[in-house]
Amino acid sequence: MERKLSLLALLTSVTVLSACSTEQTSQDSTTVSESSMVETESSMASHDMVHDDSGELPAGLEEAAAPTYEVGDKVILLNDHMPGMEGATATIVGSFDTIAYEVTYEPTDGSEKVENHRWVVQEEITEAKDSDEALEAGSEVQLEAHHMEGMEGATATIDAVEETTVYMLDYEPTDGSETVKNHKWFIESELESQN
């Protein structure tokens with residue numbers, strides 16, 4: 001009987017130690033998974049921030065006749081299209097009268113769907129570039145813009161439409177990252193004079 005109790009005690013100890021070991025392994029796996037998720041989100045954020053800084057303009061885009069902000073004016077960005085934008089100081093590089101579209105699209109490079117991207121202009125949409133008529137929210141279109149990786153050639157849905165002046169600008173991100181040159185686009189209501 002004493003031997004059976006000793007054996008039972010030994011089996012109970014092994015079971016408890018085994019359970020602790022499994023719990024520790026599970027916690028280690030969770031830590032690795034959380035760490036991987038942070039790296040993945042960080043990579044995605046970096047991917048999102050890659051943009052065309054060439055300053056190349058789409059064919060047919062016309063300079064604004066009477067923009068509120070002139071080339072060289074300093075402004076404050078009031079919207080956060082990307083991290084480090086809101087509150088940043090920017091310099092106007094160009095102003096153009098057009099129709100701006102907020103779009104949701106599936107990138108051609110297989111990355112995650114981009115929702116509510118601000119902004120793509122009339123001249124960067126296959127179905128609209130040769131027209132003065134605004135497309136309606138909900139329309140499915142093809143993008144010719146190449147501000148971001150995977151944007152050119154992507155199928156998009158129009159979320160919002162704004163007939164406005166759009167601005168291309170250089171800005172100093174508030175997160176301390178490098179100066180961004182020739183960012184496309186901000187609309188007038190997203191800017192505030194620095195003075």
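## A tour of the aromatic pairs and the cores

The structure holds two aromatic pairs (rings of Phe, Tyr and Trp, the last by its six-membered ring, with centres within 6.5 Å; planes under 30 degrees apart are stacked, over 60 edge-to-face, the rest tilted). This is a predicted model, in which local features need pLDDT of at least 70 and side-chain atom pairs count only at pLDDT 80 or more, while totals for chains, interfaces and linings use all residues. Residues are numbered from 1 along each chain as its sequence is written, and side-chain values use heavy atoms, without hydrogens and water.

Select Tyr-69 and Tyr-167. Their ring centres are 5.7 Å apart and their planes at 65°, so the pair is edge-to-face. Tyr-69 is in the loop between β1 and β2, and Tyr-167 is in strand β6 (strands are DSSP E runs of at least two residues, helices H or I runs of at least four, numbered from the N terminus). Both are buried (under 20% relative accessible area with a 1.4 Å probe, protein chains only; exposed is over 50%, partly exposed in between).

Next, select Phe-96 and Trp-185. With ring centres 5.8 Å apart and planes at 75°, this pair is also edge-to-face. Phe-96 is in strand β3 and Trp-185 in strand β7, so the pair ties together parts 89 residues apart in sequence.

Now select Leu-61, in the loop between α1 (2-49) and β1 (62-63). Leaving aside neighbours within four places in sequence, Leu-61 is in contact (heavy atoms within 4.5 Å) with Phe-96, Thr-98, Glu-123 and Trp-185.

Finally, select Leu-77 and Tyr-105, which are among the residues with the most contacts inside the largest nonpolar core, a set of 31 residues (buried Ala, Val, Leu, Ile, Met, Phe, Trp, Tyr and Cys joined through side-chain atoms within 4.5 Å). Strand β3 supplies the largest share of this core, six residues.
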